[in-house]
Amino acid sequence: MQLIFSPIPPSKKNSRIIICRGKYPTILPSKSYKDWHEAEMWNLKKHKPEAPIEKCEIVCDFYFPNLRRHDLTNIAESILDLLVDALILKDDSWTVVEGVLLYGCGVDKESPRVEVEINEL
């Protein structure tokens, strides 16, 4: 299965929001992550398999808009969480996703994106 996320997804870990509900603080993802997640959930409906994938390897090719520092693992975590929420993957644990390859493929100012290939095992 081939998927393309354009522009580059926001990191779920960065810019978290802390709110208080009762006595205890709750940490929520940023607004930009929530907006991206909701929009991509709609886009992924057409790619949803009949049953979630139970074993796979994932390859992510990153094409960035500039040379600014980017954390590939944080962006990949956002993508994997989305794939689980969209019921494309059963889970993002090592028992389901046996391998993840992340490649920084350089700069593409015209079309920054992440090309994701999911190979079922």
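**View 1. The largest nonpolar core of this predicted model is built from 26 residues.** Those that touch the most other members are Phe5, Leu44, Ile58, Leu83, Leu89, Val116 and Ile118. At least two core residues come from each of strand E1 (2-5), helix H1 (31-44), strand E4 (56-64), helix H2 (72-85) and strand E6 (113-120). H2 gives the largest share, with six residues. Please keep in mind that the model is predicted.

**View 2. Here we look around Leu89, one of the core residues that touch the most other members.** Setting aside neighbours within four places in sequence, which residues is Leu89 in contact with? They are Pro52, Ile53, Cys56, Ile58, Leu80, Leu83, Val84, Val97 and Ile118. Among them, Ile58, Leu83 and Ile118 are also on the list of core residues that touch the most other members.

**View 3. A cis peptide bond sits between Ser6 and Pro7.** Omega of this bond is about 0 degrees. Pro7 belongs to the loop that links E1 with strand E2 (17-21). It is a spot worth a look, because most peptide bonds are trans.

**View 4. Leu87 has a positive phi, near 60 degrees, although Leu87 is not a glycine.** Most residues other than glycine have a negative phi. Where does Leu87 lie? Its place is the loop between H2 and strand E5 (97-107). With a relative accessible area of 42%, Leu87 counts as partly exposed.

View 5. The C-alpha atoms fill a box of roughly 45 × 35 × 25 Å along the principal axes. The radius of gyration is 15 Å, which agrees with the value near 14 Å that a compact globule of 121 residues would have. Of contacts between residues at least 6 apart in sequence, 81% join residues at least 24 apart.

View 6. How many of the 121 residues, as a percentage, count as buried? The share is 32%. The protein exposes about 7,700 Å², and carbon and sulfur atoms supply 53% of that area. There are 16 positive and 19 negative charges, and their mean positions lie 9 Å apart.

Methods: Residues are numbered from 1 along each chain as its sequence is written. This is a predicted model: local features need pLDDT of at least 70, side-chain atom pairs count only at pLDDT 80 or more; totals for chains, interfaces and linings use all residues. Side-chain values use heavy atoms; hydrogens and water are left out. The radius of gyration is taken over C-alpha atoms; the globule rule is 2.2 Å times the number of residues to the power 0.38. Buried means under 20% relative accessible area, exposed over 50%, partly exposed in between (1.4 Å probe, protein chains only). Contact means heavy atoms within 4.5 Å. Accessible areas come from the Shrake-Rupley method with a 1.4 Å probe; for residues, only the protein chains shown count as cover. Lys and Arg count as positive and Asp and Glu as negative; His and the chain ends are not counted. The place of a charge is taken as NZ of Lys, CZ of Arg, CG of Asp or CD of Glu. A nonpolar core is a set of buried Ala, Val, Leu, Ile, Met, Phe, Trp, Tyr and Cys residues joined through side-chain atoms within 4.5 Å. Helices (H or I, at least four residues) and strands (E, at least two) are DSSP runs, numbered from the N terminus.
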